[in-house]
Amino acid sequence: MKAINRRQAFALGGGFVMLTLMPMAADAEVTNDAAKWIEKFTGGKQPAKGKISLDLPEIAENGNTVPLSINIESPMTAESYVKDVMIIADGNPNAGVATLSFTPLSGKAEASIRIRLAATQNVVAIAKMSDGALFTEQKTVKVTIGGCGG
Amino acid sequence: MADKPRIKLPKEAIKGEVIQIKTLVSHVMESGQRKDAQGKTIPRKIINKFACEFNGKPVFSCALEPAISANPYIQFDARVDEAGTFKFSWTDDDGTVIAAEEKISLKA
């Protein structure tokens, strides 16, 4: 929220928070290109549950930096490894968050990033294995101050 | 211009060991959705790709969207089978590449 300095933010107070949060909350239901992202990644195949452990806080006080850790069960050998993992936030203005690409040299299918969440929503991870198998996991994160994509 | 990226990894490893690598680069990651005080949209400026390779072989890469926080922090692992050099690169929307490298040796 660099555009608004501290004094302005205080002056606007609650009204400011409402104004910035309201359109985002509406977006969460309307502009959902999450399905499109998932379709593109999976090619229409239905991913199975399991193999993924997705670590996110239940409540994020600040949607601007929400720590996300992911770990996928895999031997990570040349024959069998996790190839790509797509992360989707279904309530953000743009559903895409990141696509992580692993190789057998990664050793472990494990990564941590920090993400922005505009409002309370589901974060979905879909993993594609080297043999084409798909796995998914999702977590709901309650956001008290919206990241607003910024 | 962005500051030098911060990278944390061990100086040496046992052959076959899986090490953890932590990286952080200073960047605004402007999403292109915010408006300034005049109501004008602030143009998008994000790092859209991060990649790490070891002795020329890809280890880990990551496509980043505007939903990544400012000053992107990325942590991942790598298996070390030989001594060598890790190369890291962050690619900005405007084509700028922030590059860094770190050496690792094998424990005797």
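## Surroundings of Thr42(A)

Thr42(A) touches Pro47(A), Ile126(A) and Leu134(A), residues up to four places away in sequence not being counted; contact means heavy atoms within 4.5 Å. The model is predicted, so local features need pLDDT of at least 70 and side-chain atom pairs count only at pLDDT 80 or more, while totals for chains, interfaces and linings use all residues. Side-chain values use heavy atoms, without hydrogens and water, residues are numbered from 1 along each chain as its sequence is written, and chains are lettered from A.

Helix α2 (residues 34-42) of chain A contains Thr42(A); helices (H or I, at least four residues) and strands (E, at least two) are DSSP runs, numbered from the N terminus. With a relative accessible area of 9%, Thr42(A) is buried (under 20%, 1.4 Å probe, protein chains only). Its side chain reaches the backbone nitrogen of Gly44(A) at 3.2 Å.

Six strands form an open sheet in the order β2(A)-β4(A)-β7(A)-β6(B)-β3(B)-β1(B), with antiparallel pairing; two strands pair if DSSP finds at least two bridges between them. At the edges stand β2 (52-55) of chain A and β1 (6-8) of chain B, each with a single partner strand, so one side of each has no neighbour in the sheet.

Within the sheet, β3 (residues 17-24) and β6 (residues 73-80) of chain B pair in the antiparallel sense over eight bridges. Thr23(B) has Ile74(B) in β6(B) as its bridge partner.

## Nonpolar cores

The largest nonpolar core has 59 residues, of which Ile70(A), Leu100(A), Ile115(A), Phe60(B) and Phe86(B) touch the most other members. Such a core is a set of buried Ala, Val, Leu, Ile, Met, Phe, Trp, Tyr and Cys residues joined through side-chain atoms within 4.5 Å. A second, separate core of eight residues includes Ala34(A) and Met86(A).

Key
Buried < 20%, exposed > 50% of the residue type's maximum accessible area, 1.4 Å probe, protein only. Polar contact = N/O pair within 3.5 Å; in protein donor to acceptor, adjacent residues only side chain to side chain.
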